[in-house]
Amino acid sequence: MNQPSIRTVVALAIAAFAVYLAIYYWPNIAGFIGLILQAVAPLVYGAVLAYPLNILMSFYERHMLPKSSSRVVARVRPGLSLVAALLTLVAVVAIVLRLVVPQLIDCVRLLIDELPVALQALFSWLEESNLITPAVVESVTESLGALDWQSHASSLATTVMSGVVGAVSGVVSGTATFVLAFIFALFILLNKKALARQRDLLMERYLPASTLARVRYVLGIADDCFHRFLVGQCTEAVVLGALCALGMFLLGLPYALMIGALTAFTALIPIIGAFLSGAVGAFLILMVSPVQALVFLVFIVVLQQLEGDLIYPHVVGSSIQLPGIWVLAAVTVGGGAFGIAGMFVGVPLAACAYRLIKNDVYGQRR
């Protein structure tokens, strides 16, 4: 029977001691890891933000004087393409806000105006139904009179102030992180060719040839899946929002442009987004007419069926080559683990894993 070598025994002892130290000093280690993650968060967010911006920037690079061989054009093309991409993004956001915010303000005003009338009608109905009697009113009044309002008001004021301070601190911290991430994303995009060369040099220097080929193969499929998903998801969102607005115009429903824009925006979230826009739209129309809200619900259900059976499989599903059941599984698992971000990232990750496994099973790797 072969005896373990001294090197193996020493390695196991060191590993066991390292595990012991990690368990014993885990609070300190966790705090240090959290500090490191907080420090690199703007860089990570910047890299994530740079990826979708690069898709739009690459589109302009391909169509901005593509046949020109001038060095000046080649030098200024990346900067001009980045500016065009940012202006396009700002224009889209401005259009969505222009369509949504004014009508949303009108809806809130209508809700405020109608709320007293609705409350009065509710109390009248409760009195007519004998659900509110003088004895109930007297009991509620006695209960309210017995409360120590001064102490409750003081506690509420303290809670509100702490909440406000925490919210302001969070907004300031979030704004600073976003600004740093945005600046880092711009540097990545302006220097993407140099960064790509540096990445290739490092990989070629420190990875064996077989590992290097495998890494490039996996990264290529991941990039293709994420690129196809983002383009397909945006295309599907525009189509769905336009169909929603057009259908509401034809049916004579209110807030057509706002709900259409909201539907296009929420459609970026796979599967769940359509339900969110439907619920918000039904509530807003309900403030105007319950009958029209019911018509809208029927319309949005039909539109969601149309999206699930025709639009999404052809626009997004076929582009990422992922069956519908795995799309639903990816959204469910990703949303349960990481919320909205998990829903958004889960689908292309699942598509990447599905394609890698499929290619490996059927021997389609090249």
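D224 forms a salt bridge with R355, and the closest N and O atoms of the two are 2.6 Å apart. This pair links distant parts of the chain, with D224 in helix α7 and R355 in helix α11, 131 residues apart. The model is predicted, and the values that follow are computed from its atoms.

The two partners differ in accessibility class. R355 has a relative accessible area of 11% and is therefore buried, the limit being under 20%. D224 counts as partly exposed, because its relative accessibility is 25%. The place of R355 is in helix α11, which covers residues 324-362. The contact can also be described in terms of polar atoms: a polar contact of 2.6 Å joins the side chains of R355 and D224.

D224 has a further partner. R228 forms a salt bridge with D224, with 2.9 Å between the closest N and O atoms. Here both residues lie in helix α7, four residues apart, which is about one turn of the helix. R228 is partly exposed, with a relative accessible area of 35%. Taken together, D224, R228 and R355 are linked in a network of salt bridges. D224 is the residue found in both of the pairs described above, with R228 and with R355.

How many salt bridges does the structure hold? The count is five. One of them joins E204 and R216, whose closest N and O atoms are 3.0 Å apart. This pair links helix α6 (residues 192-206), where E204 lies, to helix α7, where R216 lies, and the two residues are 12 apart in the chain. E204 has a relative accessible area of 45% and is partly exposed. R216 also counts as partly exposed, at 37% relative accessibility. As a general point, side chains of opposite charge can pair when their charged atoms come close.

The charged end of R205 sits over the ring of Y206, 5.4 Å from the ring centre.

The aromatic residues can be taken next. A pair of aromatic rings is described by the distance of the centres and the angle of the planes. With centres required to lie within 6.5 Å, the count comes to three aromatic pairs. Among them is the pair of Y51 and F226: the ring centres are 6.3 Å apart and the planes stand at 80 degrees, so the pair is edge-to-face, the class for angles over 60. Y51 counts as partly exposed at 27% relative accessibility, and F226 counts as partly exposed at 22%.

Is the pair of F178 and F182 stacked or edge-to-face? Its ring centres are 6.2 Å apart and its planes are at 20 degrees, so the pair is stacked, the class for planes under 30 degrees apart. F178 and F182 both lie in helix α5 (residues 149-190), four residues apart, or about one turn of the helix. F178 counts as exposed because its relative accessibility is 52%, where the limit is over 50%. F182 is partly exposed, with a relative accessible area of 28%.

Helix α2 also carries L37. L37 is exposed, with a relative accessible area of 53%. L37 belongs to a nonpolar patch on the surface, formed by W26, F32, I33, I36, L37, V40, L43, V44, Y45 and V48. Together these residues have about 960 Å² of accessible area.

Y255 has a phi near 60 degrees, a positive value in a residue other than glycine. Where does Y255 lie? Its place is in the loop between α7 and α8 (256-266). Y255 is buried, because its relative accessible area is 13%.

Methods
Residues are numbered from 1 along each chain as its sequence is written. This is a predicted model: local features need pLDDT of at least 70, side-chain atom pairs count only at pLDDT 80 or more; totals for chains, interfaces and linings use all residues. Side-chain values use heavy atoms; hydrogens and water are left out. Rings of Phe, Tyr and Trp (its six-membered ring) pair if their centres lie within 6.5 Å; planes under 30 degrees apart count as stacked, over 60 as edge-to-face and the rest as tilted. Buried means under 20% relative accessible area, exposed over 50%, partly exposed in between (1.4 Å probe, protein chains only). A charge sits over a ring if NZ of Lys or CZ of Arg is within 6 Å of the ring centre and within 35 degrees of the ring normal. A polar contact is a pair of N or O atoms within 3.5 Å; within protein, one must be able to donate a hydrogen and the other to accept it, and residues adjacent in sequence count only if both atoms are side-chain atoms. Patches are made of residues with over 30% relative accessible area and no salt bridge: like charges are joined within 9 Å, nonpolar side chains (Val, Leu, Ile, Met, Phe, Trp, Tyr) within 5 Å. Accessible areas come from the Shrake-Rupley method with a 1.4 Å probe; for residues, only the protein chains shown count as cover. A salt bridge is a side-chain nitrogen of Lys or Arg within 4 Å of a carboxyl oxygen of Asp or Glu.
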